[in-house]
Amino acid sequence: MVNHTHEVIYNLNGATMIMLDAQTGMRGFLVSGREDFLKRYVNAETDSDAFIEKLEELVQDNETQQKNIHQLKPLKTQFFDYLAIRIEEKRKGQTVESNELEVGRRYMDNIRTIFKRMEAEEQNLLKERITS
């Protein structure tokens, strides 16, 4: 069960890092206009999907975690849609307003909250299993 908890946390961290890298790349692109900032963005949605699918598989026997995944998936989609829109606006020469960056930060904050909740759930389950 220890390995299971570590595998869940590994996948949570992997998804988080990919999404943060995508957001960072988008911001770098918005500031500089340089496409090379988007390297980490290009496959980020597919890569984060792989981590989230693995998470879904790992927690399939836990109703609480399934609810967390159910809440996470639409947020992740909205987040990547947001990134794509900002990138397209920049490519079209439109100015991205600073309040739009705040929207992206809120998406990521909400996603982090779910990831933290999922990790806390796994840590609590691990404690229960160890003490039983």
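## Ground rules

The model is predicted, so local features need pLDDT of at least 70 and side-chain atom pairs count only at pLDDT 80 or more, while totals for chains, interfaces and linings use all residues. Residues are numbered from 1 along each chain as its sequence is written, and side-chain values use heavy atoms, with hydrogens and water left out.

## Overall fold

The protein has five helices and zero strands. Helices (H or I, at least four residues) and strands (E, at least two) are DSSP runs, numbered from the N terminus. Along the sequence the pattern reads α-α-α-α-α. The C-alpha atoms fill a box of roughly 60 × 25 × 20 Å, taken along the principal axes.

Of the 132 residues, 38% are buried. Buried means under 20% relative accessible area, exposed over 50%, and partly exposed in between (1.4 Å probe, protein chains only). Take contacts (heavy atoms within 4.5 Å) between residues at least 6 apart in sequence: 79% of them join residues at least 24 apart.

## Helix α4

Helix α4 covers residues 63–91, which is 29 residues. From first C-alpha to last it reaches 43 Å, close to the 42 Å expected at 1.5 Å a residue. The expected span is 1.5 Å times one less than the number of residues. At the start of α4, a side-chain oxygen of Asn62 comes to within 2.9 Å of the backbone nitrogen of Thr64. Just after α4, Gly93 has a positive phi of about 85°.

Gln65 lies in α4. Gln65 counts as buried because its relative accessibility is 0%. Which residues does Gln65 contact, leaving aside neighbours within four places in sequence? They are Val59, Met118, Glu121 and Glu122.

## Aromatic rings

The structure holds three aromatic pairs. One of them joins Phe79 and Phe80: their ring centres are 5.3 Å apart and their planes at 80°, so the pair is edge-to-face. Rings of Phe, Tyr and Trp (its six-membered ring) pair if their centres lie within 6.5 Å; planes under 30 degrees apart are stacked, over 60 edge-to-face, and the rest tilted. Phe79 and Phe80 are both buried.

The charged end of Arg91 sits over the ring of Phe29, 5.8 Å from its centre. That requires NZ of Lys or CZ of Arg within 6 Å of the ring centre and within 35 degrees of the ring normal.

## Arg129

Arg129 is found in helix α5, residues 98–131. Its relative accessible area is 31%, so Arg129 is partly exposed. Arg129 and Met17 are 112 residues apart along the chain, and their C-alpha atoms are separated by 28 Å.

Conventions:
A polar contact is a pair of N or O atoms within 3.5 Å; within protein, one must be able to donate a hydrogen and the other to accept it, and residues adjacent in sequence count only if both atoms are side-chain atoms.
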